[in-house]
Structure formats: structure tokens, C-alpha cells
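Please walk me through this structure, starting with the chain as a whole and then going into its parts.

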Amino acid sequence: MRTTKQFVLLKLLQQKGNWVSGDELAEELKLSRESIWKAINTLKRKGNQIESRKNLGYKYVGNDSLDEDTINFYSGMKLEDKIFVFDEVTSTQELAKQYLSSHEVKQPLIFVANNQTEGHGRRGRNFYSPSDTGLYFSLILPNPSHDILKIGLLTTSTAVAVVKVLEQFYKDKNFQLKWVNDIYLGTYKVGGIITEAALDLESSSAGNFIMGIGLNLSTKDFPADLSEKAQGINPEFKIDRNQLLAEMAKEVINNFANYRQPDLIDEYRKRSLLFGKNVTLKLGTKAVNGQVEGISDDGSLILKAKSGEIQTFKSGEVVKVDW
């Protein structure tokens with residue numbers, strides 16, 4: 001059941017940028033003017049920017065903070081009761097795992113944080129996650145079939161889903177993908193994706209997948225060890241993170257049902273920045289050098305060694321690119 005605050009926010013969001021009379025709100029919601037006023041003040045304390053003017057009423061301007069109800073509105077009310085928002089966590093990925101350890105999940109759930117103190121990507125590599133300037137979230141995606149075949153395609157198709165949404169919000173940016181899970185602008189990393197399976201030990205199958213997505217949106221200052229290889233998408237442009245998250249979560253959830261579709265790996269290939277480049281691929285303690293020949297239909301990386309030998313790799317990390 002929705003609260004007064006949620007009803008008022010919904011009405012203001014529907015008229016975003018326009019004045020809404022307090023009397024009209026009270027009459028439509030069958031509440032007192034005092035109840036409306038209290039709800040407005042509660043919304044303001046949660047970071048909602050709402051202007052008040054005598055004889056005009058209230059006008060919703062925006063919210064720089066992440067907010068469950070605002071995200072749900074922008075999702076077309078499709079994410080109600082599926083979003084958990086936190087100011088600071090160690091990692092949304094770890095938070096999702098902890099939740100799974102004590103709950104049975106039958107629908108997609110989203111865990112989002114304004115700041116991560118121990119954000120990480122594949123192989124435990126740190127992901128810089130400062131407050132207010134990025135988008136860091138994890139989704140639990142139930143897997144009724146328990147199938148883990150072609151799991152590599154889940155990462156590549158999710159990368160395509162994420163980039164498609166970014167292209168809508170940043171129309172002047174040319175996003176590319178570095179195999180298998182990194183999002184780039186030019187030679188700088190701006191985001192990453194991690195895919196993990198929550199295994200059912202009894203059946204040795206995947207009951208759920210946990211997709212972690214981290215994006216540096218307007219981040220300007222990076223630690224010294226990252227400043228030459230990472231950047232924010234646009235430090236001068238503040239995006240509506242609630243709207244971006246809503247669109248991205250919807251796209252990733254919809255993509256999950258169709259992640260094996262051949263057109264998605266084609267979309268991934270179009271955005272790959274590695275074709276024709278010489279790279280170093282790390283496989284545990286071993287390193288392999290070669291020229292990238294392509295991406296196979298199952299999402300594997302195809303390398304051509306100096307000897308001319310063609311090899312295909314389903315796992316590993318590209319640690320060096322000869323730009």
C-alpha cells in the first residue's frame with residue numbers, strides 16, 4: 001500500500017516542471033492540506049527539489065539523490081518493491097549475495113548505492129565508486145531453468161544492454177566495449193560489468209545470477225593509479241541517475257530472457273574496440289599475446305599468435321592493449 005508521500009511524489013513527477021496546486025492535490029488524493037504539506041517536507045528531506053509558491057502550489061524540479069519511488073516512477077511503475085537504495089555499502093554485489101543467502105528470490109531485485117567503499121569487478125579488481133558521481137548497482141536475476149550454458153553470452157549481452165541505454169542519455173559519446181566486460185570512451189574505462197552465478201550446491205546448477213554494474217558518470221578526480229586509464233563519462237554534465245537507473249534496469253532485465261539471441265553478439269562485435277589490436281590476455285599466472293581476430297558466437301575471444309596459430313579463449317582478462 002502506498003504512503004501519502006508516495007502518492008504526492010507520483011503526482012508531482014507526472015507534472016514535473018509544472019506547478020501543481022496544493023488544493024488540487026488535497027482534493028484528488030482526498031487528504032488535508034496539512035497532510036500534503038507534511039508529505040512535501042518529507043520528500044524534500046529525501047533530496048527531492050520541490051519549489052513552493054503562494055497561489056501556484058508546488059513544482060517538482062528533480063532529485064540528485066537516489067530514491068526508490070522516483071526510480072520506480074521512471075520505470076513505468078514496473079520496479080515497485082524491487083529496489084533497495086543505500087547511501088554507502090561495501091559493495092552492492094556482496095549485499096546482493098548476502099540477501100540471497102537468507103531469502104528465496106522469485107523476481108528480479110535491484111540493490112543500488114550512492115557510494116561503495118569496496119566496489120570491485122572481475123577477479124576482485126577494485127572499482128572506484130565515489131559518492132554522488134556514479135551509478136553502482138547489482139541485480140539478482142532468478143534463473144528458473146537453472147541452466148548455465150553459454151554463460152559468457154550473458155555478460156556480452158548485458159554489456160550491449162547497458163551501452164544502448166548510455167547511448168540514449170549521452171548522444172554525443174562513442175561507447176565501446178573491451179572484452180569481456182569493460183565500457184570505454186577512447187582509451188579510458190568508464191564502467192564495468194560483473195556476472196556471477198549463485199550455485200545450488202545440491203543440483204550443481206545456477207538458481208540465480210547476480211549482475212553488477214558500475215559506471216563513473218561525472219567523476220572528475222581518480223586515484224593516481226587510475227587517473228591515466230579511467231575517467232567519468234562527462235564530468236560537466238549531471239545526469240538524472242534515478243531515470244538512468246530505471247531505464248538501465250529495465251533493459252538488463254528484459255535482455256536476460258533473450259541473452260542468447262544472435263543479434264546481441266553482433267551488436268557486441270560492432271562496439272568492440274579490440275578488433276585488429278595486439279593484446280595481452282592473462283589466464284591465471286599465464287599470459288598470452290596475440291592479435292584480436294574477433295569474437296566467437298559464444299562470446300569467446302579469438303586471438304592470432306605471431307606464429308599464425310588461432311586460439312579461442314572463453315575466460316581471461318585483457319590486461320594490455322597496444323593502442
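What follows goes from the overall fold to a sheet, a helix, the aromatic pairs and the salt bridges.

The model shown here is predicted. The chain has eight helices and 15 strands. Its radius of gyration is 22 Å, close to the 20 Å that the globule rule gives for 323 residues, so the chain is as compact as a globular protein of that length. Along its principal axes the C-alpha trace spans about 80 × 50 × 35 Å. Of the 323 residues, 50% are buried. Among contacts with a separation of 6 or more, 64% are between residues 24 or more positions apart.

A sheet comes next. Strands of a sheet pair through backbone hydrogen bonds, and the pairing is either parallel or antiparallel. In this chain, five strands form an open sheet in the order 14-13-12-11-15, with antiparallel pairing. Strand 14 (310-313) and strand 15 stand at the edges; each has a single partner strand, so one side of each is left without a neighbour in the sheet. From one strand to the next, the twist averages 45°. Within this sheet, strand 11 (residues 278-283) and strand 12 run antiparallel and are joined by six bridges. L281 stands opposite V288 in strand 12.

Strand 12 also has a part in the packing of a helix. In helix 8 (residues 262-271), the buried residues are L264, I265, E267, Y268, R269 and R271. These buried residues pack against helix 6, strand 7, helix 7 and strand 12 (286-295). One of them, R269, forms a salt bridge with D297, and the closest N and O atoms of that pair are 2.7 Å apart. R269 lies in helix 8, while D297 lies in the loop between strand 12 and strand 13 (301-304), so the pair ties together parts that are 28 residues apart in sequence. R269 is among the buried residues of helix 8, whereas D297, at 59% relative accessibility, counts as exposed.

The aromatic rings give another set of links. A pair of aromatic rings is described by the distance of the centres and the angle of the planes. A search of the whole structure finds eleven aromatic pairs. In one of them, the ring centres of Y170 and F237 are 5.9 Å apart and the planes stand at 85°; an angle over 60 degrees counts as edge-to-face, so this pair is edge-to-face. Y170 lies in the loop between helix 6 (152-169) and strand 7 (175-178), and F237 lies in the loop between strand 10 (205-216) and helix 7 (241-256), so the pair ties together parts that are 67 residues apart in sequence. Y170 counts as buried at 2% relative accessibility, while F237 counts as partly exposed at 36%.

A second aromatic pair, Y184 and W323, is tilted, with 6.0 Å from centre to centre and 35° between the planes. Y184 lies in strand 8 (residues 182-185) and W323 in the segment after strand 15 (317-321), so this pair ties together parts that are 139 residues apart in sequence. Y184 is buried, with a relative accessible area of 8%. Elsewhere, ring pairs link F84, Y99 and F111 into a cluster.

How many salt bridges does the structure hold? There are 18 of them, and the pair of R269 and D297 is one. Another is formed by E68 and K46, with their closest N and O atoms 3.7 Å apart. This pair links distant parts of the chain: E68 is in helix 4 (residues 68-74) and K46 is in the loop between helix 3 (33-45) and strand 2 (48-53), 22 residues apart. E68 counts as partly exposed at 27% relative accessibility, and K46 counts as partly exposed at 32%.

A further salt bridge lies within one helix. K97 pairs with E94, and the closest N and O atoms are 3.3 Å apart. K97 and E94 are three residues apart in helix 5 (residues 92-102), and are therefore separated by about one helical turn. An α-helix has 3.6 residues a turn, so residues three or four places apart point the same way. K97 is partly exposed, with a relative accessible area of 29%, and E94 counts as partly exposed at 28%.

Definitions and conventions: Residues numbered from 1 in each chain as written. Predicted model: local features only at pLDDT ≥ 70, side-chain atom pairs only at ≥ 80, totals over all residues. Heavy atoms only, no water. Phe/Tyr/Trp six-rings, centres within 6.5 Å; stacked < 30°, edge-to-face > 60°. Helix = DSSP H or I, 4+ residues; strand = E, 2+ residues; numbered from the N terminus. Buried < 20%, exposed > 50% of the residue type's maximum accessible area, 1.4 Å probe, protein only. Contact = heavy atoms within 4.5 Å. Pairing = 2+ DSSP bridges. Axes fitted to C-alpha atoms, helices over the stretch in contact; angles between N-to-C directions. Salt bridge = Lys/Arg side-chain N within 4 Å of Asp/Glu carboxyl O. Rg over C-alpha atoms; globule rule 2.2 N^0.38 Å.
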